[in-house]
Amino acid sequence: MSVLTRDEAQTRAQLLDVHHYAVELDLTTGDETFDSTTLIRFTARTPGDTFVELKPVTLRSATLDGAPLDPAALAENRLPLTGLTEGEHELRIDASMRYSRTGEGMHRFTDPTDGEAYVYTQLFMDDVQRVFAAFDQPDLKAVFELTVKAPEGWTVLANTVTEQQDDGRWKAAPTPLLSTYFVAVAAGPWHSVRTEHAGLPFGIHCRRSLAPYLDADADEILDITKDLFDRYHEKFEEPYPFDSYDQAFVPEFNAGAMENPGLVTFRDEFVFRSAVTVTERQTRAMVIAHEMAHMWFGDLVTLRWWDDIWLNESFAEYMGFQTVDEACSDRFPDTWIDFGTTRKGWGYDADQRPSTHPVAPDPDAVPDTASALLNFDGISYAKGASALRQLVAWMGEKDFLAGINTHFKRHKFGNATLADFIDNLASATDRDVHGWAEKWLRTTGVDTLRPAVGEAEGYWHLTVDQDGDRPHRVTVGAYDRDPVDGGRLVLRERVETDVPQGDSVVVRAGRRPDLVVLNDGDLTYAKMRFDAVSEETALRSLSSIPDGLTRAVVWNALRDMVRDGELAPSEYLETALAHLPEETELAVVQGVLGFARTQIADRYASPEDRPAALATITAIARDLLRRTEDGDAPGLRLTAVRTFVESASTPEKIASWLDEGTVHGGPELDPELRWRILARLAVLGATDETAIGAELARDPSASGQEGAARCLAALPTEEAKATAWSAMFESDDLSNYLFTATAQGFWQPEQTDLVQDYVPRFYEDATAMAARRGPAMAEAAGRYAFPTYAIDAQSLTTGETHLTTGDLTPALRRKLVDQLDDVARALRVREA
């Protein structure tokens, strides 16, 4: 397949002005293909040649201004349009298109619960070509009119309000000017909950089999949506630019959500069918807020080319957390704690790998769509959001919003670049925003801030050694042990300061504090270290720090110290054992346990040390279970149960829970917990195919199918591993979600000897599969099917050799580079 280059897009944008698409889709032609007819009206500014993109099963016909084009001229995904004259043109394409099973293009899913089928589009980057013909680049915006023929009993959703016609077709109202990748259709026998807000129709939609679970949360989802909508209208001067606001929870979705104007699509795991914690509900609210922010930043004002993807994602990420914090504080009072313990680490990790890139990369670094796809990572999301949070702290929120509103006003329904964005921010402040952008957006890597604290003559003083040269606006927190309250830490003062400060120092009256926290409030993006006294205080008294966000900052610092070989993994675990049972912030508990379980126990601990690591994590979970016996903290108890299950080294206790259908003292086992326990029993060799089949009969849902695939692949037998491997790499029958579930079950630290022969096989087999099945499956293979637990020099060498000799797709190469760097880091941590 030909990928679009930046140069080609610029040439085509100079030649064409695209006005209007009339797209007709027929979804009644069978389970494998659908029909697509497209009429495009456009103007050629000068005579010239160009092409339109399309990936059909069959191109039945094409006409340009009524004259037939040769379908055989379609080469890969491009149909040439030669000899264009200056002026108006009309291109008509009639084709048969293939449904996807990988979450790209028009994805089709059949619900195993009731046999109902659903389809939805995911047209991001360059996948509109899988659904209809298009000049597929973000700066050729046009009006879209969609007509969809669907089976009887289906509802069709689109970017605009849809109406069913007398002939059974569904017609969507014309859109405002949109980029091609924003066009959206979701069709099927949806269960819908509808309301109206601010004079607009609002709706939420899911598969019929999930109806009871959506109904249970409908008030929460809609109330949050309305509150966020109102808050954005307080921030933004431009009103919401579309005629409706639908949110569809769709099956087998590759991303968290997609910001299609007027029809946001979410992975339907956000329709909770089992017990969840308040932080998981908060995550759902944040994703709703993130996608709604895109209605302005991304949809109303769109990037010109994919080097500016951070303009979309960083802004939406920052606004998502900030606006939930403002509009939903009664439900979720600690939004930024969750950001600090989950998203921020994603950014730090990505920024320390060889594949790191600037938040705003140089245009030459994004020459085509294939390279652009690689930048949807922790840098474009978490680091970019952190940078914007630092920018707001540095220039002030009032000036920041003034610049944002200028940006919307100047570029609405058009396209904009980084230069436009910075100019508009600069127009609202006396600060040197251009200089700030060069330091923060055009550079790579994570700064490290190291304090030196001293005292003399009744004063204490702080200097900061900065590994890096970005300007940082930080809040320094000074804490003392309270001799009256058992030595618990109390805040003495917080001081705002800019780093670096040249040769100057922060000087404050009084003796030196027992604990100095450089980034109290977590307003900047930097790894933080402690002076020797503060480090000892932190390790001994962490749980007594009075503020939850400060505790999250300290835990993050300890996490980074482990990853950098400056703190022993065992000491981190002992600190967690001492302090986590007293922690009141659920996001902190989940973040610490997640790092302890998936990184320390599974990767950083040597095989000899792993049993002790699991024992410590199990002890923490047991302490949390004791603490929550009274039922006052159900989210904390659920987290403890999940951790206990995943860390179990022997099967007896969790097997008894499964047999009895409950954890002693609660909770009752719902489908998610039953599959979680069964997966751990499979790893431990304490269940079999018969038991897995019985559980699948009990829960035949899509989630049940994934649970069964995960369990079967985790069984410690040669036959189970061979069957799973064949399903993943020797046929292309698995959907994206079933592939992921199988891969998650396959590699287990307890089974390294059993699967060691598959380590070298992975590289050749994944390379071939990625070439056949495309970037979404390549990413899934690199993320989930990689031999994560093969932490040894030989496995590292095998992988590095394949990077130099294998014919890798860009998506797979990027994932392997990252994964192998993580293996190398794990080896360094073990050696340290």
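E76 counts as exposed because its relative accessibility is 53%; exposed means over 50% relative accessible area, buried under 20%, and partly exposed in between, with a 1.4 Å probe and protein chains only. The model is predicted, so local features need pLDDT of at least 70 and side-chain atom pairs count only at pLDDT 80 or more, while totals for chains, interfaces and linings use all residues. Residues are numbered from 1 along each chain as its sequence is written, and side-chain values use heavy atoms, without hydrogens and water.

E76 sits in the loop between β5 and β6 (78-84). Helices (H or I, at least four residues) and strands (E, at least two) are DSSP runs, numbered from the N terminus. Although E76 is not a glycine, its phi is positive, about 55 degrees. D65, in the loop between β4 (58-64) and β5 (67-69), is also not a glycine and has a positive phi near 55 degrees. With 42% relative accessibility, D65 counts as partly exposed. Most residues other than glycine have a negative phi, and most peptide bonds are trans. The bond joining G666 and P667 is cis, with omega about 5 degrees. P667 belongs to the loop between α17 (652-660) and α18 (671-683).

Helix α5 covers residues 335-351. Of its 17 residues, 14 are buried, so α5 is largely enclosed by the rest of the structure. A kink of about 35 degrees in α5 is centred on R343; the bend at a residue is the angle between axes fitted to the seven residues ending there and the seven starting there.

V505 lies in the loop between β25 (488-499) and β26 (506-509). Its relative accessibility of 35% makes V505 partly exposed.

Notes:
The expected span of a helix is 1.5 Å times one less than its number of residues.
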